[in-house]
Amino acid sequence: MKTNNLVNILTKNSKALMVLLSSAMIFFATFSISAGPIDTYTFPDEVTKKRFASLTYELRCPKCQNQNLADSNSPISQDLRKEVYDMLIDGRTDTEIMDFMVQRYGEFVLYRPRVSSITYILWFGPIVFILIGAYVVFLFTRRKDTEPEHLSAEQKQQLKSILKD
Amino acid sequence: MKIIIRLIPLILFLLLGLLLYRGLSLDPQSMPSALIGKSFPQFTLTRLENESQQVTNADFNPGIKLVNVWATWCPSCKVEHPFLVKLAKDDRFSLYGINYKDDRVDANQWLKYYQNPYQFSIFDDIGKLGLDLGVYGAPETFVIDHHGVIRKRFAGVLEPRVWQRQFLPLINTIEDEMAKGE
């Protein structure tokens, strides 16, 4: 009977129901779900750990093309993460590790492509477009000469006095 | 002049439409290998059939080589297998296998059961050679020329249509080069 009472109260008082529901929703929304793959790598120091994180963040999974190595659970990503880890422990530099990957999987694996002749359009295209856009805006908003040319000096004087008022 | 300015949005729209339409028919999975034009990576691994027998690059035949990456865990490899058995009869090239991240016993059983099209298979259980080749799945097939240079990489199931269109012309080209002594 007690639960019935509660249901009665809630159905009669739809505002209370709303408040209850929305607070529940907000409460549960605060739990963030992180579904990354779990590796059990141990790092000698914090710096190496950070480097591993940033490398796997910037290297792309060759199989699942819209994920980086850190995110992907595919076998190839697991292997490549292991490779990155081994090379870090080996004392290789970040550039060496990036080069190693590019040599095998191509420029494609870099989420941040290098500046080279084929990536100029990627790097500088947006700037060029902004400049073009700015120029177009400038062209269209440029104030045209407001003083009409075909008026005589007297008429100009008249116009000025009208505008003054 | 005015008419041109008025047409600019239309022209831009058409260009963009063309670009996007072109994008529809592009296959994002087909990527050029970073290794085209480079030598086949050096390896020292064991033969699948015999774990005490080492194989290296020196064990490849001198002519054109087809290297097929396969595994028993890969369903598409099973689809492709009968065609490989057919290809093995062609003597213009030698067919080799890389048994990629697989179990030795299972793989040998597979070859016994489905026939063995390969001269030999390289047993790459940790995927080291696969990594050096930029392999990201199976099946993948590489064409190696008489200098040991990788000429083509194909990811996916090898079937007659792909063979006719992409592989045969390349094999002809390499044969021409060999005939010219290049």
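Residues are numbered from 1 along each chain as its sequence is written, and chains are lettered from A and ligands numbered from 1 in the order in which they are written. In this predicted model, local features need pLDDT of at least 70 and side-chain atom pairs count only at pLDDT 80 or more, while totals for chains, interfaces and linings use all residues.

**View 1. The open sheet of chain B.** Seven strands of chain B form an open sheet with mixed pairing, in the order β2-β1-β5-β4-β3-β6-β7. Strands (E, at least two residues) and helices (H or I, at least four residues) are DSSP runs numbered from the N terminus, and two strands pair if DSSP finds at least two bridges between them. The edge strands, β2 and β7 (150–155), each pair on one side only. Neighbouring strands are turned against each other by 30° on average, direction ignored. Helix α5 (residues 160–180) of chain B packs on this sheet and touches β3, β4, β6 and β7 of chain B; the direction of α5 makes about 170° with that of β7(B). Axes are lines fitted to C-alpha atoms, for helices over the stretch in contact, and angles run from 0 to 180 degrees between N-to-C directions.

**View 2. Strand β1 of chain B and its two partners.** Strand β1 (residues 44–47) of chain B is joined by four bridges to strand β2 (residues 50–56) of chain B, and the two run antiparallel. β1(B) and β2(B) form a hairpin with two residues between them. B:T44 has B:T56 in β2(B) as its bridge partner. Two bridges link β1(B) to strand β5 (residues 121–124) of chain B, again antiparallel, and B:R47 stands opposite B:I122 in β5(B).

**View 3. Strands β3 and β6 of chain B.** Five bridges pair strand β3 (residues 64–70) with strand β6 (residues 140–144) of chain B in the antiparallel sense. Opposite B:N68 stands B:T141 in β6(B).

**View 4. The largest nonpolar core.** A nonpolar core is a set of buried Ala, Val, Leu, Ile, Met, Phe, Trp, Tyr and Cys residues joined through C-beta atoms within 7 Å. Of the 47 residues in the largest such core, B:L95 and B:Y100 touch the most other members. Strand β4 (residues 93–100) of chain B supplies the largest share, five residues. Not counting residues up to four places away in sequence, B:L95 touches several residues, among them B:L66, B:L84, B:L87 and B:Y118. Two residues are in contact if their C-beta atoms, placed from the backbone, lie within 7 Å.

**View 5. Helices α3 and α4 of chain A.** The axes of α3 (residues 46–58) and α4 (residues 75–89) of chain A come within 10 Å and cross at roughly 145°. The contact involves A:T48, A:R51, A:F52, A:L55 and A:T56 of α3(A), with A:R81, A:V84, A:Y85 and A:L88 of α4(A).

View 6. A:I76 is found in helix α4 of chain A. A:I76 counts as buried because it has 21 C-beta neighbours inside 10 Å; a residue is buried if 20 or more other C-beta atoms lie within 10 Å of its own, exposed if 12 or fewer, and partly exposed in between, with C-beta atoms placed from the backbone. Leaving aside neighbours within four places in sequence, A:I76 is in contact with A:C61, A:P62, A:K63, B:Y136 and B:G137. Between the chains, eleven residues of chain B are in contact with twelve residues of chain A.
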